[in-house]
Every structure is written in C-alpha cells, then in structure tokens.
Amino acid sequence: MIIKDVLFLIFAVISAVTAALVVALKNPVSSAMSMIACLFSIAMVYFIMGAHFVGTVQILVYAGAIMVLFLFVIMLLEKRDVEEIEKASPARIINLVLITAMLISVIAALAVSLGGPGAQAAGITETFGTIREVGMAVFTKYIFAFELLSVLILVAMAGVVTLSAKDGER
Amino acid sequence: MMAPFAIDTYNYLAFAAVIFSIGLIGLIVRKNIIVLFMCVELMLNAANITILAYSRQFGDSAFQAASLYIMVIAACEAALGLALVIAIFRYRGTVMADRLNLLKG
C-alpha cells in the first residue's frame, strides 16, 4: 500500500508541475508537450486508483490522438503572432486571488465532509476496474448513452469537415 | 500507530481540485486559443479524476463508464474546437483571443 501512496504523490506532483508548465510556457508546442506529460502522469494516477482500463484509454485517446490533433493544428497555423502575457493587471490579480480562494475552500470543504486525509474507502474487489466490469456497465446499463455518443461523434465529424473546408469545397 | 499517512479519496479529490484550478487560471491568463483548449482539457481531466475517486470510494466500476463517456465528449470538443480555430485563423489571421474583438463594437 505504501508504494502506491508514494507513487501517487510522485505522479500527482509531476502532473501538477506539468499542468502549470502548460499554462506558463509561451510556445504552444512546448505547452502541448508538457500537456502530454501531464496526461501521462494523470493516467498513472488512474492506474494507482485501480481504474486500469480508463488509464489505458487515457493514454491511447488523450495522449495519443487528441494531443496529436493539437500538434497538427499548431503546425498548420503559421507562427505569426507572439503572445504577450501581461503580468499584473488588477483584474487578473483579483481573478487569481479568487481562484486560489476557491481552491482552498474546496479542499477545506473536502476535509470537513470526508473527515480529512485518511478517510476510509469501500473495499476494492478483485474485479474492480477491469475491462470486463467496465464493459458490462457500458454495454448493458448505459447502452443508451453509449449509442447517443456514437451519434455525437458522427455529428462532430460532419461539423469538423464542414467547418474546416474552404468556401468553394463544401 | 502505523500508517500515519494513507492516500485516500480526500487526496484524490484535492488533487483534482488542484488540476482544475490550474486549468481555470490558464483559461484566464492565456490568450492563445489552442492553449485555452488545452486548459479546458485539463479541467475535463480533473472532472474525470473526481469521478474515478468516487468510483474507488464506492467500489463500483460503473462510474468508470461515465469517465469514458466524458473522454469521448472531450475528444469531440477538441476536434470541433480546433476546426473552429482553423476557420478563425483563415478569416482573421490570428489565434489570439484578445484580437478577436469583432463583437466589441
């Protein structure tokens, strides 16, 4: 158990740092690279939580497909305009303070409602998070949402083709 | 006396809150639309972490189906958003959110 805890801490720190790098780095390609690292370490956290299948899908779909899509789009756009991040406008400082306050209050509320660190979780069975269990949930109880999502993907595909075609090519 | 320190649902949820806040800060601070999309993805990932934390808390794998569905929706959102970015770049020649001020009057 203690190995899992240490691994969780390591990957949580890695993903928080790389997420901060996504925000902090100026070059979008660097942002995308640290985003990939962040998604990988979040997938590791999923593995540690026992959600093996979701972690695998996270690596395949997010780090594999979606981030490649992002990199392709970054490549397609010329690097014409440089982003200047202004540091200290009053509105921005107020925003940052508010978000930090939100984070602190969420963590405090969690500590109050869950009894702080070390609250007990339900026992995890042998089959928890296996493809079989998740597949049973997807293809029996939640089959309607699954079919709706396939329609959603179809609509998204048509939308992407329509949006990115040039005027004469539609 | 042993186990002074055990990772549990609280820690997972706090971790999700941290990731969500980083994404939200990025959404406010940055101007490049592509990076804004990445920040949205970060926030969706935080939602997934929350769902999986409760899946683990209750020992129920069916929660993980919801997390997979969220991934599908995130993929659709990224694809459509990036197509919009390409269209915007074609017409306006920029991907900076503060220069897309057509509605400002």
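Reader: What percentage of the 170 residues of chain A count as buried?
Author: This is a predicted model, where local features need pLDDT of at least 70, side-chain atom pairs count only at pLDDT 80 or more, and totals for chains, interfaces and linings use all residues. Residues are numbered from 1 along each chain as its sequence is written, and chains are lettered from A and ligands numbered from 1 in the order written. A residue is buried if 20 or more other C-beta atoms, placed from the backbone, lie within 10 Å of its own. In chain A the buried share is 25%.

Reader: Which elements does chain A have, from the N terminus on?
Author: Helices (H or I, at least four residues) and strands (E, at least two) are DSSP runs, numbered from the N terminus. Chain A has 0 strands and 6 helices. The order is α-α-α-α-α-α.

Reader: Which residues have the most contacts inside the largest nonpolar core?
Author: A nonpolar core is a set of buried Ala, Val, Leu, Ile, Met, Phe, Trp, Tyr and Cys residues joined through C-beta atoms within 7 Å. The largest one has 72 residues. Elements of chain A and chain B give two or more residues to this core, among them α5 (131–141) of chain A and α3 (62–92) of chain B. The residues with the most contacts inside the core are Ala16(B), Ile19(B), Ile34(B), Met38(B) and Ile49(B).

Reader: Which residues of chain A does Ile19(B) touch?
Author: Contact requires C-beta atoms, placed from the backbone, within 7 Å. Residues up to four places away in sequence are not counted. In chain B, Ile19(B) touches Leu42(B), Asn45(B), Ala46(B) and Ile49(B). In chain A, it touches Ser15(A), Ala16(A) and Ala19(A).

Reader: How far apart are the end C-alpha atoms of α2(B)?
Author: The expected span of a helix is 1.5 Å times one less than its number of residues. For the 26 residues of α2(B), that gives 38 Å. The end C-alpha atoms agree, at 38 Å.

Reader: How many residues of α2(B) are buried, and what follows the helix?
Author: α2(B) is mostly covered, with 20 of its 26 residues buried. After α2(B) comes a residue whose phi is positive, near 65°. That residue is Gly59(B).

Reader: At what angle do the axes of α5(A) and α3(B) cross?
Author: Axes are lines fitted to C-alpha atoms, for helices over the stretch in contact, with angles from 0 to 180 degrees between N-to-C directions. These two axes come within 8 Å. The helices are roughly perpendicular (65 to 115 degrees) to each other. The crossing angle is roughly 75°.

Notes: A residue is buried if 20 or more other C-beta atoms lie within 10 Å of its own, exposed if 12 or fewer, and partly exposed in between; C-beta atoms are placed from the backbone. Two residues are in contact if their C-beta atoms, placed from the backbone, lie within 7 Å. Angles under 35 degrees count as roughly parallel, over 145 as roughly antiparallel, 65 to 115 as roughly perpendicular and the rest as oblique.
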